[in-house]
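Here are my notes for you, written as numbered points. Have the structure open beside you and follow along.

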Amino acid sequence: MDFLFDSLQSAALLLLAGDPELLVIVGVSLKVSSISTFIASCLGIPCGFFIAYSSFYGKRLLLTCLNTLLALPTVVIGLLVYSFISRRGLLGSFDLLYTQKAIIIGQVILIVPLVTTLTIAAISRIDQRYRKTALTLGATQLQMAWVIIQEARYGIGAAVIASFGRVIAEVGISMMLGGNARGFTRTMTTAMALEYDKGEFVLAVALGLCLMSIAFAVNLLFHFFQGRTGVDAL
Amino acid sequence: MLYSADRLKKIFKKKVILNLTDLHLEREQIYALIGANGAGKTTLLNILAFLEPATEGTLLFCDREVKYREQELLRLRRRVVLVEQYPILFTRSVWKNVAFGLKVRGLSKSTCRERVEEALENVGMEDFRYADAHRLSGGESKRVALARALAVNPEVLLLDEPTANVDSENQEIILRVLKKINTEKGTSIVMATHYLAQSRQLAHQAILLENGMLSTVNTAKQNDLTAPEKFF
């Protein structure tokens with residue numbers, strides 16, 4: 001137990017001192033995860049809305065596929081994207097391998113199904129009368145869609161937060177496509193894995209604390225906005 | 001003629017739920033749509049509100065056939081508003097709810113403000129303008145839903161059981177507002193109701209629906225509407 005307490009104490013000191021290496025790693029993680037969550041949200045929310053609100057042949061099959069994709073391992077995505085962006089791959093000429101862009105591509109693939117399925121769930125729970133009311137009051141289809149999205153905002157917000165949590169905590173894609181290059185593609189999780197391999201637990205524990213704090217802060221912010229708008233907890 | 005329906009039929013899951021051979025509704029009139037549960041009142045209101053098409057037959061609005069194309073439907077829906085039996089308010093303030101129809105029409109802020117105030121005053125809900133809509137009681141919600149419909153100055157107001165599950169005070173307010181907008185603005189009103197007394201008190205004509213079919217259309221104040229008690 002002494003070992004754990006010593007590591008926690010040293011980690012806390014490292015955080016308080018604002019260790020430059022630690023800050024860079026946290027910065028890269030936040031940047032990459034935020035961008036991938038943003039892109040995935042831009043793709044997943046409209047897709048989720050469309051799927052939830054339309055009936056078409058093969059909808060159930062599509063939902064099954066999306067649910068299956070939720071369980072897609074990060075290493076499989078890493079391998080798949082690697083095969084495309086490696087030198088010999090179809091997109092090899094873009095020199096994307098071992099860059100932050102490569103991590104973002106992989107992470108977007110990872111969480112688009114998550115944002116989409118959670119958006120479908122959030123939209124499907126919305127009372128059909130909202131749609132009818134918006135239309136009878138003269139809304140266009142687009143305005144009606146916006147009303148529904150606004151009514152489902154907490155569910156959609158939860159989808160975005162869950163997706164952010166998924167990417168900020170993943171290791172496989174960041175390691176395989178980012179290469180864990182110091183100061184460039186080293187994220188919190190890949191750094192933790194590396195420090196663990198080296199037997200250096202202080203930085204790993206400090207990063208673990210950072211990761212938990214970020215997750216806590218994001219959730220706190222979400223609940224704060226929920227509280228301000230008068231809606232009880234999800 | 002406001003609405004003309006010719007051989008209008010609505011079939012749902014192979015069951016005919018509405019079958020109107022001939023129906024004509026005139027402008028600036030108040031119609032009471034009466035009938036038992038499942039008689040087809042709500043279906044008819046949805047069709048008249050252009051929210052769902054009939055399976056068969058033709059519907060004319062202001063002597064023009066209704067074509068179910070998105071652009072045309074939008075134009076028509078901006079002239080007709082339906083207030084449902086259990087109206088749902090958007091999870092925002094009362095003010096924003098009432099202003100919704102005006103905002104989607106792109107009206108200026110000053111016009112919005114004026115119309116929202118007028119609509120809220122009409123239903124006696126001006127003191128609730130900044131209240132959270134989802135915290136209102138059933139009767140208050142109905143009044144706000146009515147104000148939201150009135151704010152857009154519709155040519156036709158369709159109401160599904162406007163006074164159902166509402167206390168007598170709120171009922172009185174709602175009925176007074178309906179009478180007022182019909183007299184002052186010439187708004188045509190079609191309201192589904194279970195209350196014969198209300199029908200007599202307010203409506204110029206009563207339409208009796210039975211199993212999706214038109215039973216009678218009569219001047220409410222003259223006809224004998226006490227007879228079909230089986231409907232209520």
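1. Let's begin with the fold of chain A: read along the sequence, it goes α-α-α-α-α-α-α-α-α-α-α. That comes to 11 helices and zero strands. (Helices, H or I with at least four residues, and strands, E with at least two, are DSSP runs numbered from the N terminus.)

2. A word on what you're looking at: this is a predicted model, where local features need pLDDT of at least 70, side-chain atom pairs count only at pLDDT 80 or more, and totals for chains, interfaces and linings use all residues. Residues are numbered from 1 along each chain as its sequence is written, while chains are lettered from A and ligands numbered from 1 in the order in which they are written.

3. How big a box do the C-alpha atoms of chain A fill? Roughly 65 × 50 × 25 Å, taken along the principal axes. Of the 234 residues in chain A, 38% are buried. (A residue is buried if 20 or more other C-beta atoms lie within 10 Å of its own, exposed if 12 or fewer, and partly exposed in between; C-beta atoms are placed from the backbone.)

4. Now the largest nonpolar core, which has 125 residues. (Such a core is a set of buried Ala, Val, Leu, Ile, Met, Phe, Trp, Tyr and Cys residues joined through C-beta atoms within 7 Å.) Helix H5 (residues 100-124) of chain A gives the most to this core, 15 residues. Among the residues with the most contacts inside the core are Val115(A) and Val81(B). Leaving out residues up to four places away in sequence, Val81(B) touches Thr136(A) and Leu137(A) on one chain, and Ala149(B), Val152(B), Pro154(B), Leu157(B) and Leu158(B) on the other. (Contact means C-beta atoms, placed from the backbone, within 7 Å.)

5. Look next at helix H2 (residues 20-53) and helix H8 (residues 153-168) of chain A, which pack at about 140° with their axes 9 Å apart. (Axes are lines fitted to C-alpha atoms, for helices over the stretch in contact, and angles run from 0 to 180 degrees between N-to-C directions.) H2(A) and H8(A) are therefore oblique to each other. (Under 35 degrees is roughly parallel, over 145 roughly antiparallel, 65 to 115 roughly perpendicular, and the rest oblique.) Ser29(A), Ser33(A) and Ser36(A) are among the H2(A) residues in this contact, and Phe164(A) is one of those from H8(A). The contact divides into seven nonpolar, six polar and no charged residues. (Ala, Val, Leu, Ile, Met, Phe, Trp, Tyr, Cys and Pro count as nonpolar, Asp, Glu, Lys and Arg as charged, and the others, Gly among them, as polar.)

6. Helix H4 (residues 74-85) of chain A crosses H5(A) at roughly 130°, their axes coming within 10 Å. That makes H4(A) oblique to H5(A). Here Gly78(A) is one of the H4(A) residues, and Gly106(A) one of the H5(A) residues, that meet.

7. Where do the chains touch? 16 residues of chain A are in contact with 19 residues of chain B. On the chain A side, H6(A) gives the largest share, six residues. That side divides into five nonpolar, seven polar and four charged residues.

8. Last, helix H3 (residues 94-104) of chain B: eight of its 11 residues are buried, so it is largely enclosed by the rest of the structure. Phe100(B) and Gly101(B) are among the buried ones. Their cover includes H7 of chain A, together with helix H4 (109-122) and helix H5 (138-150) of chain B.

How values were computed: Two residues are in contact if their C-beta atoms, placed from the backbone, lie within 7 Å.
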